[in-house]
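Hi everyone, thanks for coming.

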Amino acid sequence: MFHVIDQLIDAVIDREGGYSNHPADRGGATRFGITEAVARANGYAGDMRHFSRAAAVAIYRRIYWVRPQFDQVATRAAALAAELFDTGVNMGPAVAVTFLQRALNALNRGATDYADVVLDGRVGAQTLAALDRFLATRRASGEVVLVKAIEALQGERYMALAEQRPANEAFLYGWLANRLN
């Protein structure tokens, strides 16, 4: 059965393309958007030019969807889970979750809707409970607002990365064009 994660992974692989080794990219050699370091940490020992699409799909599913529990978010808010997945692929799952946690805390009306969550970069019971309460309170528009908040935080981080390291300016246009809706 084809699931939403399969579509998300296909979109990331299409956007990231094949092999790349840009001199300004601290990630070094990549294929299908998977860095050499991530491939090595997941058991791949070969030349990144030959890293398989199937291996990339498995890493995306395990490391960027299941492990950070974005699959649990998807049962509540599919568009939000898709944004977290994409942000997590580009910035790391913990960063994506921290963006969600920051947004939930800022949108809880002074902790009157639900208690603030700890900014630990992990989707756990506390974060899921806050998300459930937020969505119950704000209804359908709540998911749209959370996605916008995460995109705003992501955009600010891209700008800061380019300002802090001028070599990142080589990527800023693409980050903003391809990652923010």
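Predicted model: local features only at pLDDT ≥ 70, side-chain atom pairs only at ≥ 80, totals over all residues.

Residues are numbered from 1 along each chain as its sequence is written, and side-chain values use heavy atoms, with hydrogens and water left out.

With that term in hand, take W175. By its relative accessible area of 17%, W175 is buried, and its place is in helix α8. Helices here are DSSP runs of H or I with at least four residues, strands are runs of E with at least two, and both are numbered from the N terminus. From W175 to A160 there are 15 residues in sequence, and their C-alpha atoms are 12 Å apart in space.

Now let's go to the start of the chain. Helix α1 covers residues 4–16, which is 13 residues. From first C-alpha to last, α1 reaches 18 Å, close to the 18 Å expected at 1.5 Å a residue; the expected span is 1.5 Å times one less than the number of residues. Which residues of α1 are buried? They are I5, D6, L8, I9, V12 and I13. Looking down the axis of α1, these buried residues fall within an arc of 165°, so they line one face of the helix. That arc is taken from the directions from the helix axis to the C-beta atoms. Among the parts that cover the buried residues of α1 are α3 (53–66) and α5 (78–91). Just after α1 comes G17, with a positive phi of about 75°.

Next, the interior. A nonpolar core is a set of buried Ala, Val, Leu, Ile, Met, Phe, Trp, Tyr and Cys residues joined through side-chain atoms within 4.5 Å. The largest one here has 54 residues, and F51, Y60, L80 and F85 have the most contacts inside it. Elements giving two or more residues to this core are α1, α3, α4 (70–74), α5, α6 (93–106), α7 (125–164) and α8 (169–179). The largest share, 11 residues, comes from α7.

Let's zoom in on Y60. Is Y60 buried or exposed? With 0% relative accessibility, Y60 counts as buried. Leaving out residues up to four places away in sequence, Y60 touches I9, V12, I13 and E16, and its other partners include F32, W65, F85 and V89; contact means heavy atoms within 4.5 Å.

Y60 also brings us to the aromatic rings. Rings of Phe, Tyr and Trp (its six-membered ring) pair if their centres lie within 6.5 Å; planes under 30 degrees apart count as stacked, over 60 as edge-to-face and the rest as tilted. The structure holds 6 aromatic pairs. One of them joins Y60 and Y64 in a tilted arrangement, 5.8 Å centre to centre with 50° between the planes. Y60 and Y64 are 4 residues apart in helix α3, which puts about one helical turn between them. Y64, at 11% relative accessibility, counts as buried. For Y60 and F85, the ring centres are 6.3 Å apart and the planes are at 65°, so this pair is edge-to-face. Y60 lies in helix α3 and F85 in helix α5, so the pair ties together parts that are 25 residues apart in sequence. F85 is buried as well, with a relative accessible area of 1%. Ring pairs link Y60, Y64, W65 and F85 into a cluster.

On to the strands. There is an open sheet of 3 strands, ordered β1-β2-β3, with antiparallel pairing. β1 (19–20) and β3 (34–35) stand at the edges, each with a single partner strand, so one side of each is left without a neighbour in the sheet. Two strands pair if DSSP finds at least two bridges between them, and 2 bridges join β1 to β2 (residues 30–31). In β2, T30 is the bridge partner of S20.

Last stop: R165, in the loop between α7 and α8. R165 is buried, with a relative accessible area of 18%. Setting aside neighbours within four places in sequence, R165 is in contact with A24 and R26.

Conventions
Buried < 20%, exposed > 50% of the residue type's maximum accessible area, 1.4 Å probe, protein only.
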